[in-house]
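Work through the exercises below with the model open. Try each task before reading its solution.

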There are 2 protein chains.
Amino acid sequence: MTTPEPSDVEQAGPAFLFDLDGTLIDSVYQHVIAWRAALQEVGVSLPVWKLHRRIGMSGGLFVNALLRELGTTLDEETLARLPGLHAEAYAAQLESVRPLPGAETLLRTLSEHDVPWAIATSGLERSAGLAREMLNLSEDTPMITRDRVRYAKPDPDLFLAAAAAIGVDITDSIVVGDSVWDLMAARRARAIGIGLLSGGYGREELIYGGAFRVYEDPADLLAHLDEVGVRRPL
Amino acid sequence: MTTPEPSDVEQAGPAFLFDLDGTLIDSVYQHVIAWRAALQEVGVSLPVWKLHRRIGMSGGLFVNALLRELGTTLDEETLARLPGLHAEAYAAQLESVRPLPGAETLLRTLSEHDVPWAIATSGLERSAGLAREMLNLSEDTPMITRDRVRYAKPDPDLFLAAAAAIGVDITDSIVVGDSVWDLMAARRARAIGIGLLSGGYGREELIYGGAFRVYEDPADLLAHLDEVGVRRPL
């Protein structure tokens, strides 16, 4: 029996793949209210907490799931109007959207320590662009949006594409998200999921959804980076 | 040894004490967004999920807790402006507030079966009046509002006053609420707490907060009234 040399078991450090809404920017509740308004506009009234629990899913799945639950259908034309109505209602709320505590510092700290990271969001390029400005990120920040993949979360495509974009192995990657759809997508992609409470899910919902660790927000994750294997000099 | 006669162990059936926002009407997210706007107006920026988790508390405790967490203070004059700013911002959202599924039917069904019930809310008489109209309740519906007691939730006063108003023993009463503040107040009042998911808390948060049962919304509680001891002919 030979003892393995340290070099034989050396692995790449973790890379981070971040969800955007509820994870880096404080926009979930504004999206919820915007969906409430958009659905009301086409005559669909759904309890608001049920909208909240489906934010972060692919928009198509979101609408399908809610209509099925309501036992109703909408014609093609009305369905096609929904994304626009939501975007309009969200724009009216945008003024109150802010970065989450610690988001900028967390991303900067990772970069300073050469830890690779990317953003992967079920949102569209346009709203991702606004978030990039809000977080003071450069134009070339690796960011995979809904329009870049076939299926959004809870499918794994967004995180797989994000890992590929920054040249890391998905199995060395940590997905950070606020919703159970991020965690399901992380598991399907074979990444490790970490949950943040900042999107308004309860701690146990995230744990039962597959989170290995749960932190409050980006600031809390930053304060505990050691726990997820990021080594940095004091 | 004597076997007790059924009449010796006879107890009154349960009475129900309902919270209002998030329990009977679908207004929690609108209150959250309104608090976000009111605090922003006085220069305080707090992550929205932290506001959500404190809705249903006494307004005074709510503001104190948030400012302490933020490590900031506000002068008396600014503090005094907050309730008005919140009321104004909530009024702008009111158009999208609806009764929760099953709320009216649940209350009517209880009345039809002579099960006593009352409403106890940390909100003020004015917004409780609007909710009463929305639920098609008569003017004389037993409803205890914030202005009728010394301390709101999580103190037990509101539920104690509600039980007294309808002449039931608080220890025979079931408190139905959507927040951990309802459940804490229920426990302090010696009532049994039941949680509803319709205010956006997670199931386990409510269980850990002291809920003996958790249902989705008033419609789901109505479908399971037998589980909490309401006997009614099929």
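The exercises that follow concern a predicted model.

**Exercise 1. The interface**

Task: Describe the contact between chain A and chain B by its residues, its buried area and its polar pairs.

Solution. 
- Start with the residues. The contact draws 30 residues from chain A and 30 residues from chain B.
- Next, the area. Interface size is often expressed as the accessible area lost when the parts come together. Here chain A and chain B bury about 2400 Å² between them, with 55% of it on carbon and sulfur atoms.
- Then the polar pairs. Between chain A and chain B, 10 residue pairs are in polar contact.
- Which elements of chain A take part? Helices H1 (28-41), H2 (48-52) and H9 (203-208) of chain A each supply at least two residues of the side that touches chain B. H1(A) gives the most to that side, with six residues.
- Finish with composition. The side of chain A that touches chain B divides into 12 nonpolar, nine polar and nine charged residues.

**Exercise 2. Charges across the interface**

Task: How many salt bridges cross between chain A and chain B?

Solution. 
- Side chains of opposite charge can pair when their charged atoms come close.
- The interface of chain A and chain B holds two salt bridges.
- Take A:Glu216 and B:Lys50. The closest N and O atoms of A:Glu216 and B:Lys50 are 3.1 Å apart, and the cut-off is 4 Å, so the pair counts as a salt bridge.
- Now look for shared partners. A:Lys50, A:Arg54, A:Glu69 and B:Glu216 are joined into one network by salt bridges.

**Exercise 3. A helix checked by its length**

Task: What span should helix H1 (residues 28-41) of chain B have, and what span does the model give?

Solution. 
- H1(B) has 14 residues.
- Now its surroundings. In H1(B), 11 of the 14 residues are buried, so the helix is largely enclosed by the rest of the structure. Among them are B:Tyr29, B:His31, B:Trp35 and B:Arg36.
- Look just past the end. After H1(B), B:Gly43 takes a positive phi of about 85°.

**Exercise 4. A glutamine and its contacts**

Task: Is A:Gln93 buried or exposed, and which residues does it contact?

Solution. 
- Read its accessibility. The relative accessible area of A:Gln93 is 15%, under the 20% cut-off, so it is buried.
- List its contacts beyond four places in sequence. A:Gln93 touches A:Gln30 and A:Ile33 in chain A, and B:Ile33 and B:Gln93 in chain B.

**Exercise 5. Salt bridges within a chain**

Solution. 
- Over all chains the count comes to 18 salt bridges.
- A:Lys153 and A:Asp19 form one at 2.9 Å, N to O. A:Lys153 is in the loop between S5 and H7, A:Asp19 in the loop between strands S1 (15-18) and S2 (25-26), and the two are 134 residues apart.
- Check burial. A:Lys153 is buried at 0% relative accessibility, and A:Asp19 is buried at 5%.
- Turn to A:Glu205 and A:Arg53, another salt bridge at 2.9 Å. A:Glu205 is in helix H9 and A:Arg53 in the loop between H2 and helix H3 (59-70), so the pair ties together parts 152 residues apart in sequence.
- A:Glu205 is buried at 17%, and A:Arg53 is buried at 11%.

**Exercise 6. Backbone exceptions**

Task: Where do A:Pro154, A:Arg190 and B:Asp114 lie, and what marks their backbone?

Solution. 
- Recall the background. Most residues other than glycine have a negative phi, and most peptide bonds are trans.
- The bond from A:Lys153 to A:Pro154 is cis, with omega near 15°. A:Pro154 lies in the loop between strand S5 (143-144) and helix H7 (157-165) of chain A.
- In chain B, a cis bond joins B:Lys153 and B:Pro154, with omega about 10°.
- A:Arg190 has a positive phi near 75°. A:Arg190 sits in the loop between helix H8 (180-189) and strand S7 (192-196) of chain A, and is exposed at 54%.
- B:Asp114 has a positive phi near 55°. B:Asp114 sits in the loop between helix H5 (103-112) and strand S4 (117-120) of chain B, and is exposed at 69%.

Methods. Residues are numbered from 1 along each chain as its sequence is written. Chains are lettered from A and ligands numbered from 1 in the order in which they are written. This is a predicted model: local features need pLDDT of at least 70, side-chain atom pairs count only at pLDDT 80 or more; totals for chains, interfaces and linings use all residues. Side-chain values use heavy atoms; hydrogens and water are left out. Buried means under 20% relative accessible area, exposed over 50%, partly exposed in between (1.4 Å probe, protein chains only). Contact means heavy atoms within 4.5 Å. Helices (H or I, at least four residues) and strands (E, at least two) are DSSP runs, numbered from the N terminus. The expected span of a helix is 1.5 Å times one less than its number of residues. Buried area is the accessible area (1.4 Å probe) that two parts lose on being put together, summed over both. A salt bridge is a side-chain nitrogen of Lys or Arg within 4 Å of a carboxyl oxygen of Asp or Glu. A polar contact is a pair of N or O atoms within 3.5 Å; within protein, one must be able to donate a hydrogen and the other to accept it, and residues adjacent in sequence count only if both atoms are side-chain atoms. Ala, Val, Leu, Ile, Met, Phe, Trp, Tyr, Cys and Pro count as nonpolar, Asp, Glu, Lys and Arg as charged, and the others, Gly among them, as polar.
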